[in-house]
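Thank you all for coming; I would like to walk you through one model this morning, beginning with a single helix and then widening out to the rest of the chain. Please have a look at the sequence and the structure first.

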Amino acid sequence: MDQQVNELKEKGNTALNAEKFDEAVAAYTEAIALDSQNHVLFSNRSAAYAKAGKFAEALKDAEQTIALNPTWPKGYSRKGAAAAGLHDFMKAFEAYNEGLKYDPTNAILLQGRQEITASVLSYMQSQGDIPMDVDPQMPRARRAPSPPRRTNEPAKPAEPRVEDMSEDEKKKYFAKQEKELGNAAYKKKEFDVALKHYNAAIEHDPTDITFYNNIAAVYFERKEYEECIKQCEKGIEVGRENRSDFKLIAKSFARIGNTYRKMENYKQAKIYFEKAMSEHRTPEIKTSLSEMEAKIKEEERTAYINPEKAEEEKEQGNHYFKKGDYSNAVKHYSEAIKRNPDDPKLYSNRAACYTKLAAFDLGLKDCETCIKLDEKFIKGYIRKGKILQGMQQTSKASAAYQKALELDPNNAEAIEGYRQSSMNFQRNPQEVLKNAMSDPEIQQILKDPAMRMILEQMQNDPNAVKEHLQNPAIADKIMKLLESGIIQIH
């Protein structure tokens, strides 16, 4: 069940990163049905709901996260974000403060508290209207009704009289009116109407970067990505000329990055996310930048795949393996793996090299990989058994050979390996040593003065084995001693 829950959680995470919020919610919900006490699942689903603009559901999941794990700071940051989305600023402020009791230096909680304080001030100044700097791309929940005014509070200031304004004030006033009409149309997805009002706002006041950002948001929603980028670039130019807030300039760069991401031009997206970070660092932009770096790395890995070249490298590896040059063989098998990472035979071949070089940990890892790629690849289990024998882990070696025999009961190599490992498992070390010393070949190796010197070096300096294993003749003798149980390398 734990594996299934983890798989569903990863599925949800992948969907969330791809902005497929409904898929993410569905995956997390299915995981919660299997493990209703897992606070991380409720936290992740809260994030998905918040991203989708469903702040009431996000708040409910955040509160369940806290109920399951009251000392986990992230639960409070989720609650704060959801409450902020519902414009319940007091609840959001209290959530961030409560979380800071458990982690006073938590950057997300500190930033959340700072942002909610700014939001309260902006909300109060807006007198119930949409704030000037709101980006229409961001979803907004229905505004909570304002509390009734106390009788002793000062009266709300009267609307400014246009006839009393200066020419510059009139331009900004009319520009704001047009922007708010554009915002209202944008929310209704009446994009042509929104564009008309945003362009009218620019005619009144061409110095405000926000209007260009809003036009870019419309083009983004309409999937007119080239136009979106042009508007963002124009906005950045206007913003630089008029010394706009660096956060607004960062927003323009980030939108260009998101546009290139939608166009699957991840290298360009990375460039613009980096530019956004240089203006104003936010967790969202940092996450987007990391995602682009991962996408680029995967693209480069995929572009490098070429089964034909992999086959050429494998043949080169086989050539050096037959010559006993295991280091060069590893080099070519590794290149073959880069060219065709889904071929289990390549990992098996490299595991054979690592075995010869007594790099058992690396060989074992390759065996595990080739078995994962093909569970019926019998050679992978046999190689794994031999490596585990070399590491003196006879019970695990027996299990590997047994798996091979399940696939092919008549495989001679697997039968012999299972027999040897079973015998070694049943015998004590003294018996193993006694039987090994009765072997004429073992006796001959131990009588060799050169080998005695090498074994003494290995005892004093375990790293010396790597140098001696470069010699095929010496490597064969060392492997013989390993198999007999005379020496062990861990």
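Which residues are exposed on the other side of H24? They are Pro 449, Arg 452, Met 453, Gln 459 and Asn 460, where exposed means over 50% relative accessible area, buried means under 20%, and partly exposed is in between, with a 1.4 Å probe and protein chains only.

Before I go on, a word on how to read this: it is a predicted model, in which local features need pLDDT of at least 70 and side-chain atom pairs count only at pLDDT 80 or more, while totals for chains, interfaces and linings use all residues. Residues are numbered from 1 along each chain as its sequence is written, and side-chain values use heavy atoms, with hydrogens and water left out.

Back to the helix, then. Met 451, Ile 454, Leu 455 and Met 458 are the residues of H24 that I would point to as buried. They cover an arc of only 100° around the axis, taken from the directions from the helix axis to the C-beta atoms, and so they sit on the same side of H24. The twelve residues of H24, 449-460, should span 16 Å at 1.5 Å a residue, and the end C-alpha atoms are 17 Å apart, which agrees; the expected span is 1.5 Å times one less than the number of residues. At the N-terminal end, Asp 448 caps H24, with a side-chain oxygen 3.0 Å from the backbone nitrogen of Ala 450.

Leaving aside neighbours within four places in sequence, Met 451 is in contact (heavy atoms within 4.5 Å) with Ile 445, Ile 474, Lys 477, Ile 478 and Leu 481. The largest nonpolar core has 45 residues, and those touching the most other members are Phe 360, Ile 387, Met 451, Leu 469, Ile 478 and Leu 481; such a core is a set of buried Ala, Val, Leu, Ile, Met, Phe, Trp, Tyr and Cys residues joined through side-chain atoms within 4.5 Å. Several helices each supply at least two residues of this core, including H16 (326-339), H20 (394-407), H24 and H26 (472-484). Apart from it lies another core, of 40 residues, among them Tyr 186, Ala 217, Phe 220 and Phe 273.

Leu 482 lies in H26 and is buried, at a relative accessible area of 2%.

Of its 490 residues, 43% count as buried.

Now the cysteines. A search of the whole structure finds zero disulfides, a disulfide being a pair of cysteine sulfur atoms within 2.5 Å. For Cys 228, the nearest cysteine sulfur, that of Cys 232, is 4.4 Å away. The sulfur of Cys 370 is 5.4 Å from the closest one, in Cys 367, which is too far for a bond.

Finally, two backbone details. Most residues other than glycine have a negative phi. His 87, in the loop between H5 and H6, has a positive phi of about 60° although it is not a glycine, and is buried at 14%. Arg 243, in the loop between H11 and H12, has a positive phi near 55°, but at 79% relative accessibility Arg 243 counts as exposed.

Definitions and conventions. Helices (H or I, at least four residues) and strands (E, at least two) are DSSP runs, numbered from the N terminus. A polar contact is a pair of N or O atoms within 3.5 Å; within protein, one must be able to donate a hydrogen and the other to accept it, and residues adjacent in sequence count only if both atoms are side-chain atoms.
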